Amino acid sequence: MTQAEELLDSLSETSTTEEPHIVINSDRSITVADSVKKIAVQFDHNVNTITFDCPRYWDGRDLSEMDILINWIRSDGYNDKYQAESVTIDESDESIIHFDWTIERDITEVSGNLTFSVCGRKLNDNGVEMQHWNSEINKDLYVSEGINCDDVNENNGNYTLY
């Protein structure tokens, strides 16, 4: 096999490898693999989705029946939440749920550390909170510095970044 064929084979093997998930442990602590800690480059928008693994049950309550929210704080103090759109039960272990977090521009406008926690909420038909579960806070994620390519001006063939 030539070196080019070996390289192509290794690339195809790599492309099918699943990215590590963020894991919420049974003690509510959060484990983030080193390869996931840089969640984005500044000004990224909807190009990185992170999957979480989480215990499905807490003291007999089923988190898969709750709204799952990821609360986050940027390095400048701005904070918001992201609601996971789909919560799925693991096919091989029904005691684990998975949900995704797609990283949007409001998170990446500022480079630096990103603090987050996860919560599950269950509301009744009147909007009254019936159950609320929280993970511990995690401070392992960060957004690396980037350049905003939306603000580029062409001037006599030269480009100026703003």
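Mentor: Start with the cluster in which F52, F99, W101 and F116 are linked by ring pairs. Two rings of Phe, Tyr or Trp (for Trp, the six-membered ring) form a pair if their centres lie within 6.5 Å; planes under 30 degrees apart are called stacked, over 60 edge-to-face, and the rest tilted. The model is predicted, with local features requiring pLDDT of at least 70 and side-chain atom pairs pLDDT 80 or more, while totals for chains, interfaces and linings use all residues. Residue numbers run from 1 along each chain as its sequence is written, and side-chain values use heavy atoms, leaving out hydrogens and water.

The whole structure contains six aromatic pairs. One of them joins W72 and Y78: their ring centres are 5.9 Å apart and the planes meet at 50°, which means that this pair is tilted. W72 has a relative accessible area of 1%, so W72 is buried, where buried means under 20%, exposed means over 50%, and partly exposed lies in between (1.4 Å probe, protein chains only). Y78, at 40%, is partly exposed. W101 belongs to strand β10 and F116 to strand β11, 15 residues apart, and their pair links distant parts of the chain. Here strands are DSSP runs of E with at least two residues, helices are runs of H or I with at least four, and the numbering starts at the N terminus. W101 has a relative accessible area of 0% and is therefore buried; F116, at 1%, is buried too.

In the largest nonpolar core, which has 28 residues, the members that touch the most others are I22, I39, F52, F99, W101, F116 and V118. Two or more residues of this core come from each of β1 (22-24), β3 (38-41), β4 (49-55), β7, β10, β11 and β13 (138-144). A nonpolar core is a set of buried Ala, Val, Leu, Ile, Met, Phe, Trp, Tyr and Cys residues joined through side-chain atoms within 4.5 Å. V118 shows what such a residue meets: leaving aside residues up to four places away in sequence, V118 touches I24, F52, I68, L69, I70, F99, W133, N134 and S135. A contact means heavy atoms within 4.5 Å.

Strand β10 (residues 96-102) also holds T102. T102 has a relative accessible area of 19%, so T102 counts as buried. Its side chain makes a polar contact of 3.0 Å with the side chain of T49. A polar contact is a pair of N or O atoms within 3.5 Å; within protein, one must be able to donate a hydrogen and the other to accept it, and residues adjacent in sequence count only if both atoms are side-chain atoms. Apart from residues up to four places away in sequence, T102 touches N46, N48, T49 and Y82.

Six salt bridges are found in the whole structure, each with a side-chain nitrogen of Lys or Arg within 4 Å of a carboxyl oxygen of Asp or Glu. One is between K122 and E65, whose closest N and O atoms are 3.5 Å apart. K122 is in strand β11 (residues 112-123) and E65 in the loop between β6 (61-62) and β7 (67-73), so the pair ties together parts 57 residues apart in sequence. K122, at 31% relative accessible area, is partly exposed. Another joins E109 to R74, with 3.8 Å between the closest N and O atoms. E109 lies in the loop between α2 (105-108) and β11, and R74 in the loop between β7 and β8 (79-83), so this pair ties together parts 35 residues apart in sequence. E109 is partly exposed at 41%, whereas R74 is buried at 10%. A network of salt bridges links R74, D76 and E109.

For the setting, the protein chain has two helices and 15 strands, and 31% of its 162 residues count as buried.
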